[in-house]
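I opened my notebook to record what I looked up in this structure, going from charged pairs to the chain as a whole and then to its surface.

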Amino acid sequence: MRKRILCDKTVALVKNLIKVGYVDLSNFSKNKQGVQQGSIISPLLCNIYLHELDKFLYDLKIDFSSKPSYKRRKNAFYRKIQYKLSQANNIEDKILLAKKLRKLHSKDFMDPNFRKLFYVRYVDDFVIGVTGSHKDAEDILLKVCNFLSETLKLDCSLHKTNIVNFKKDSINFLGTYIYGISRKEKPMRTVKHLK
């Protein structure tokens, strides 16, 4: 905390909040080890401490991700149907090709040169999203676990830490299951007008 907070009163207040005990069934207990779970100071201290992880992952994101000027390559099959649509003369062919086009993505999701890293943290829970190969995800997981253990002296939870293929499985973040969008079919909602 001394890296950023110069006020001695603020540091003393936080130190006293760490030392304060707790009441359990009308019995007062002294605090022997760290901050109690659910304490009002716990999220604040966690955010101060894990700010170093935020900075580390921001630097990792810049190193890992493709340059902002590089865009995913276009889907060759999508462009082929787009060309056929522009050349089609009768309306039935145009309708059929337009329906095919709506089911495809315009970008190639298997572009090996496109890589991206996403990171979201809430207190001590975080999710890292990797657009890249499984090997890339394993390398990033290893780097993050090493940073946590060596620099911050924290351990990764073995039952929460894993690599998930977001196209096939969901992730649980903050008690909510998050599902990826299927890459097989473009998400499109059709609206039927009532007459």
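Before searching for pairs, I wrote down that a salt bridge is a side-chain nitrogen of Lys or Arg within 4 Å of a carboxyl oxygen of Asp or Glu. I also noted that I am reading a predicted model.

**Entry 1: salt bridges**

I searched the whole structure and found five salt bridges, and I looked up some of them in turn. In one of them the side chains of D54 and R121 meet, with 2.8 Å from N to O. Because D54 lies in helix α3 (residues 51-64) and R121 in strand β3 (residues 116-122), this pair ties together parts that are 67 residues apart in sequence.

Next I turned to D136 and R115, whose side chains meet in a salt bridge at 3.5 Å, N to O. This pair also links distant parts of the chain, since D136 sits in helix α6 (residues 134-150) while R115 sits in the loop between α5 (91-102) and β3, 21 residues apart. I noted that D136 counts as buried at 14% relative accessibility, whereas R115 counts as partly exposed at 27%.

The last pair I looked up was D139 and K135, where the salt bridge spans 3.0 Å from N to O. Here both residues lie in helix α6, four residues apart, which is about one turn of the helix. D139 counts as partly exposed, with a relative accessibility of 31%.

**Entry 2: the chain as a whole**

I counted six helices and six strands in the protein chain, and along the sequence they follow the pattern α-β-β-α-α-α-α-β-β-α-β-β. Of the 195 residues, 19% count as buried. Among contacts with a separation of 6 or more, 59% are between residues 24 or more positions apart.

**Entry 3: the surface**

I recorded an accessible surface of about 15800 Å² for the protein chain, with 55% of it belonging to carbon and sulfur atoms. Which residues make a nonpolar surface patch of about 230 Å²? I found that M1, L44 and I48 make it; M1 lies in the segment before α1 (8-19) and is partly exposed, with a relative accessible area of 33%.

I also found a patch of positive charge on the surface, where K61, K71, K74, R79, K107 and K116 gather. I looked up R79 in particular, which has its place in helix α4 (residues 76-87) and is partly exposed at 48% relative accessible area.

Notes: Residues numbered from 1 in each chain as written. Predicted model: local features only at pLDDT ≥ 70, side-chain atom pairs only at ≥ 80, totals over all residues. Heavy atoms only, no water. Helix = DSSP H or I, 4+ residues; strand = E, 2+ residues; numbered from the N terminus. Buried < 20%, exposed > 50% of the residue type's maximum accessible area, 1.4 Å probe, protein only. Contact = heavy atoms within 4.5 Å. Areas by Shrake-Rupley, 256 points an atom, 1.4 Å probe, with all protein chains shown as cover. Patch = residues over 30% accessible without salt bridge, like charges linked within 9 Å, V, L, I, M, F, W, Y side chains within 5 Å. Lys, Arg positive; Asp, Glu negative; His and termini not counted. Charge placed at Lys NZ, Arg CZ, Asp CG, Glu CD.
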